[in-house]
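Here is a quick tour of one protein model, from overall build down to a strand pair. Have a look at the sequence and coordinates first.

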Amino acid sequence: MQTSTTDVLIVGAGPVGLTTAIVLTQRGHTVTVVDNQAAGANTSRAAVVHARTLELLEPYGVTTQLVARGVHTPAFTIRDRDTLLIGVPFGKLPTRYPYTLMISQADTEAFLLDRLEQLGGKVIRPATVNRIVQDGDWATATFADGQEIKARYVVGADGMHSTVRDQAGIPFTGGTYGESFALADVRLSGGVPADQVILYFSPAGLVVVAPLPDGRHRIVATVDDAPQHPDTAFVQRLLDERGPAAHPAVVEDVVWGSRFRVHHRVADAFRDNHILLAGDAAHVHSPAGGQGMNLGIQDAVTLGECLARVLDGEPEELLDDYAEARRRVAQRVVSQTSRLTELATASARLRPFRNAVMRLAGMVPAVRRKLAVQLSGLNRR
């Protein structure tokens with residue numbers, strides 16, 4: 001049986017795992033990244049990168065490429081069909097990135113992987129971790145092929161169904177939304193602006209419409225039972241029922257589509273001795289507000305910097321600080337996105353009251369600014 005050693009073993013090569021690896025590698029530490037998927041197997045799930053995430057990635061040589069590739073959207077609006085409820089402007093935020101950056105997760109991962117390889121790192125794949133044993137100063141991971149890797153620390157960046165979290169015995173507390181979510185990248189014509197991310201409310205459920213590079217739009221919608229591969233007719237029905245009515249949006253083509261169920265869960269702990277969690281392995285929630293990947297990348301930068309300091313000789317209590325602080329942030333975001341989802345799916349009886357309250361709130365500049373700061377992540381500086 002072959003055994004190797006590393007400072008940090010990162011399980012999962014999505015944006016969270018790659019970001020953690022970049023931070024540690026740039027700081028001069030030995031990192032091994034493994035992923036159970038073949039290269040290119042990840043799909044284009046997340047598409048929103050907020051200002052705070054771009055700020056945090058700046059020192060690690062990734063932000064410039066992301067900004068050049070993505071679509072800059074200076075406003076987020078919440079609408080009930082054609083009625084504007086709240087407009088959230090990002091243009092006056094105190095940041096070099098006063099917008100929401102729309103870019104596919106596939107592109108984000110490609111830029112992150114390229115940066116890791118520039119620093120001399122790589123991803124071992126496909127490689128499946130079956131078992132993790134903590135003993136003394138090490139955690140030993142055993143793989144499906146019998147290989148073992150001994151690490152000072154193991155980072156679980158392996159998603160909602162995290163093997164690392166399960167091996168640590170950390171509960172994942174929460175529940176599951178009753179609806180499923182449909183996801184599609186489409187080519188649109190008609191009444192959808194190209195410079196806004198729009199959340200449409202309706203009794204039938206919510207739908208998010210957001211621009212992507214290459215003339216595409218991302219559609220995300222709650223559905224009782226979403227098809228595995230949404231087609232043009234299905235997405236068109238969603239927009240006809242929930243989107244703009246005066247100038248309807250027309251779906252010309254579905255480039256890619258999928259479905260998923262959304263959980264609202266937070267791990268009971270983000271650390272167990274040599275094991276640490278980040279991203280979807282630690283927290284999952286509604287996609288309303290586009291917080292998921294951003295929260296995960298922010299975990300990754302914070303965790304990578306804390307691990308680097310501990311490996312350089314600073315106290316291990318830094319890792320407890322990471323675990324406690326990021327868990328509090330995750331709980332707040334899960335609560336906020338749950339409230340937004342509940343507002344979006346309010347019953348027909350409550351809809352007029354909800355709309356009236358939101359329109360009044362949306363007329364107050366301080367409310368609009370607070371929402372912009374929260375959505376952009378700048379409140380977590």
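## Ground rules

This is a predicted model, so to speak in its terms: local features need pLDDT of at least 70, side-chain atom pairs count only at pLDDT 80 or more, and totals for chains, interfaces and linings use all residues. Residues are numbered from 1 along each chain as its sequence is written, and side-chain values use heavy atoms, with hydrogens and water left out.

## Overall build

You get 10 helices and 19 strands here, counted as DSSP runs (helices H or I, at least four residues; strands E, at least two) and numbered from the N terminus. The radius of gyration is 21 Å, close to the 21 Å from the globule rule for 381 residues, so the protein is as compact as a globular protein of that length. That radius is taken over C-alpha atoms, and the rule is 2.2 Å times the number of residues to the power 0.38.

As for contacts (heavy atoms within 4.5 Å), 75% of those with a separation of 6 or more link residues 24 or more positions apart.

## Surface

Of the 381 residues, 55% are buried, meaning under 20% relative accessible area with a 1.4 Å probe, protein chains only.

## Strands S1 and S2

Strand S1 (residues 3–11) runs parallel to S2, with four bridges joining them; pairing takes at least two DSSP bridges. Val 8 has Val 31 in S2 as its bridge partner.

In S2 (residues 31–34), Val 31 and Val 33 point one way, Thr 32 and Val 34 the other, and all are buried.

Conventions
Buried means under 20% relative accessible area, exposed over 50%, partly exposed in between (1.4 Å probe, protein chains only).
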